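I opened this notebook to record a search for salt bridges. The entries follow the order in which I looked things up.

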Amino acid sequence: MELYRESLSILEHILPVHVGTADVLKAIAHCLLQQGQVTESLQLLLKSREILAKVSPVSESMKTVCVLLGVCYTLLSRQREAEEAFTEAMRIPRAVYPPGQN
């Protein structure tokens with residue numbers, strides 16, 4: 001976890017709006033969620049979604065962030081926000097890979 005945080009600190013400094021930064025935020029948020037730190041996870045996921053909305057709004061990363069947001073909102077009993085997050089995730093098409101590359 002500490003390595004993720006160090007990486008994030010560097011990325012936020014040199015690439016504040018980049019898919020890589022959003023993915024590190026997502027990874028840290030996932031770890032926090034697994035540890036039961038839902039509110040902290042939610043904060044990082046919102047930041048990740050904000051970055052992805054600018055640089056890669058229709059991507060597997062955005063889809064994953066939306067699903068994780070839905071999980072966080074569900075755990076926090078915020079049903080309306082959970083439904084919105086899951087709906088947003090469903091609107092993003094699945095990635096289509098060339099044969100043999102999935």
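**Salt bridges in the predicted model**

I began with Lys 26, which is buried at a relative accessible area of 16%; the cut-off for that class is under 20%. The model I consulted is a predicted one.

I next looked up the partner of this residue. Lys 26 forms a salt bridge with Asp 23, and the closest N and O atoms lie 3.5 Å apart. Asp 23 is partly exposed, with 28% relative accessibility. I noted that both residues belong to helix α2 (residues 19-34), where a spacing of three residues separates them by about one helical turn.

I then turned to helix α5 (residues 79-91), in which Glu 84 and Arg 80 are four residues apart, a separation of about one helical turn. The two form a salt bridge with a closest N to O distance of 2.8 Å. For Arg 80 I recorded a relative accessible area of 54%, so this residue is classed as exposed. Glu 84, at 44%, is partly exposed.

I found Lys 47 partly exposed, with a relative accessible area of 37%. Glu 12 is also partly exposed, with a value of 29%.

Terms used: Residues are numbered from 1 along each chain as its sequence is written. This is a predicted model: local features need pLDDT of at least 70, side-chain atom pairs count only at pLDDT 80 or more; totals for chains, interfaces and linings use all residues. Side-chain values use heavy atoms; hydrogens and water are left out. Buried means under 20% relative accessible area, exposed over 50%, partly exposed in between (1.4 Å probe, protein chains only). A salt bridge is a side-chain nitrogen of Lys or Arg within 4 Å of a carboxyl oxygen of Asp or Glu. Helices (H or I, at least four residues) and strands (E, at least two) are DSSP runs, numbered from the N terminus.
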